[in-house]
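Here's a quick briefing to read alongside the structure. Have the viewer open and follow the topics in order.

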Amino acid sequence: MTRTEPLNLLNLAPAEADARLRAFADEVGQPSYRATQVLRRLWTSPVADFAGITDLPAEFRQQLGEHFTLPRLEIVAQQKSRDGTQKFLFRLRDGQTIETVAIPDGNRVTLCISSQAGCALQCAFCATGAMGFQRNLEVFEIAGQVREMRLLEEPVTVTNIVFMGMGEPMMNWDAVDPVLTILNDPMGLGIGARHITISTVGVLPGIVALSRRPEQFRLAISIHAPSDDLRRELMPINVKYPLSEVIAAAKAFDRRVTFEYVMLGGVNDGEVHALQLAALARECRAFVNLIPLHPGGARGFTPTPQQRMVAFARELRAEGLEVAIRKSRGMDIAAACGQLRVERLGRRPPRSPDEHGDIQVA
Ligand code: SAH
């Protein structure tokens with residue numbers, strides 16, 4: 001072999017991993033169906049290491065281990081909420097930690113995954129923003145969060161993916177792009193494109209890149225304020241990508257978009273805001289998701305009372321919009337927005353289960 005560094009197969013889209021494995025099988029005198037056997041064990045029915053592919057000849061397994069790697073993500077904390085929500089803290093090779101949340105709901109399990117360690121965007125109410133930007137995650141570190149669910153002692157069968165964990169996926173598009181392929185490809189994780197949602201603050205080049213992909217991946221945009229003045233205060237990114245441009249990009253996106261709107265008591269939850277938001281959403285036919293503020297990490301903000309939230313939803317519906325109020329899940333384990341990591345770093349005490357009950361959908 002000419003290559004010296006072992007190649008990480010989990011950083012490659014399935015078609016490329018397949019090509020590499022076929023070439024390798026050929027080189028060491030194994031039939032090409034052996035490559036397919038290995039490929040299936042990368043994502044579809046994953047193994048902890050090559051030794052675990054017991055239907056391969058021992059010598060071939062050893063050769064694979066000399067030339068390729070299948071790096072794991074180490075789970076350093078795992079918590080389960082009373083409502084079934086599970087939160088995982090993973091430690092990466094360089095000591096960075098990221099979190100992943102599995103949210104069961106009827107027949108579905110939605111996995112909320114991270115795309116960066118930390119985040120550079122500094123949204124005023126977000127705990128991840130408060131810890132600053134550490135680094136972009138590699139392909140295998142993002143898709144690996146889903147892979148690890150299949151490797152648990154009690155595997156979690158993930159049906160839906162949302163890029164709503166730590167980080168801004170569109171600021172790490174070079175990795176997120178192949179990750180989408182791995183998630184969706186039948187030789188990868190085989191999750192339907194309509195069940196995969198990328199959430200962004202409105203990074204325009206990322207929205208354009210996503211719209212160029214032929215698959216029906218879903219786009220969610222974090223709006224959070226219906227005017228530039230207020231949005232600039234809450235989300236510094238609005239200086240670079242102002243609302244009018246974000247709305248134009250949403251309009252140009254050929255599939256239905258969702259607006260995310262975190263409800264901040266006395267800040268963005270007035271009737272005037274509902275009217276402004278309705279005008280924006282109508283312009284690009286967006287579906288509006290109202291999100292109860294998770295208090296952890298949101299310094300200086302208080303959640304909008306539930307009654308006001310329901311009224312806000314009614315005001316939007318009166319304007320002809322489709323609206324949902326997101327259920328808050330895993331409140332007793334601080335399962336949102338960088339909170340586990342912040343908790344582990346000792347920034348704030350864990351919340352008691354009694355302090356914050358679940359808010360039901362309106
Ligand atoms: N950077 C991307 C994806 C990660 S955040 C984005 O901003 O869209 C996923 C969602 O959680 C975003 O809508 C974000 O604004 C929201 N969020 C952040 N902090 C929150 C908090 N304290 N309570 C409720 N939602 C929050």
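Is Trp173 buried or exposed? Trp173 is buried: its relative accessible area is 14%, and the cut-off for calling a residue buried is under 20%. Keep in mind that this is a predicted model.

**Around Trp173**
- You'll find Trp173 in helix H6, which covers residues 173–184.
- Setting aside residues up to four places away in sequence, Trp173 touches Pro178, Leu180, Ala209, Leu210 and Arg213.
- Trp173 and Pro205 sit 32 residues apart in sequence, with 9.2 Å between their C-alpha atoms.

**The sheet**
- There's an open sheet of 10 strands with mixed pairing, running E3-E4-E5-E6-E9-E10-E11-E12-E13-E14.
- E3 (74–80) and E14 (323–325) are the edge strands; each has a single partner strand, so one side of each has no neighbour in the sheet.
- From one strand to the next, the twist averages 20°.
- At the E3 end, E3 pairs with E4 (residues 86–91) in the antiparallel sense, over six bridges.

**Gln86, a residue of E4**
- Gln86 lies in strand E4.
- With a relative accessible area of 14%, Gln86 counts as buried, given the cut-off of under 20%.
- Leaving out neighbours within four places in sequence, the contacts of Gln86 include Gln78, Gln79 and Lys80. Thr100, Val101, Ala102, Val156 and Ile333 are also in contact with Gln86.

**The ligand**
- The ligand has 19 residues around it, and Glu168, Ser199, Ser222, His224 and His294 come nearest.
- On its own the ligand exposes 530 Å², and the protein buries 94% of that.
- Back to the sheet for a moment: E10 (196–200), E12 and E13 each give at least two residues to the shell around the ligand.

Key:
Residues numbered from 1 in each chain as written. Predicted model: local features only at pLDDT ≥ 70, side-chain atom pairs only at ≥ 80, totals over all residues. Heavy atoms only, no water. Pairing = 2+ DSSP bridges. Helix = DSSP H or I, 4+ residues; strand = E, 2+ residues; numbered from the N terminus. Axes fitted to C-alpha atoms, helices over the stretch in contact; angles between N-to-C directions. Buried < 20%, exposed > 50% of the residue type's maximum accessible area, 1.4 Å probe, protein only. Contact = heavy atoms within 4.5 Å. Near = heavy atom within 4 Å. Areas by Shrake-Rupley, 256 points an atom, 1.4 Å probe, with all protein chains shown as cover.
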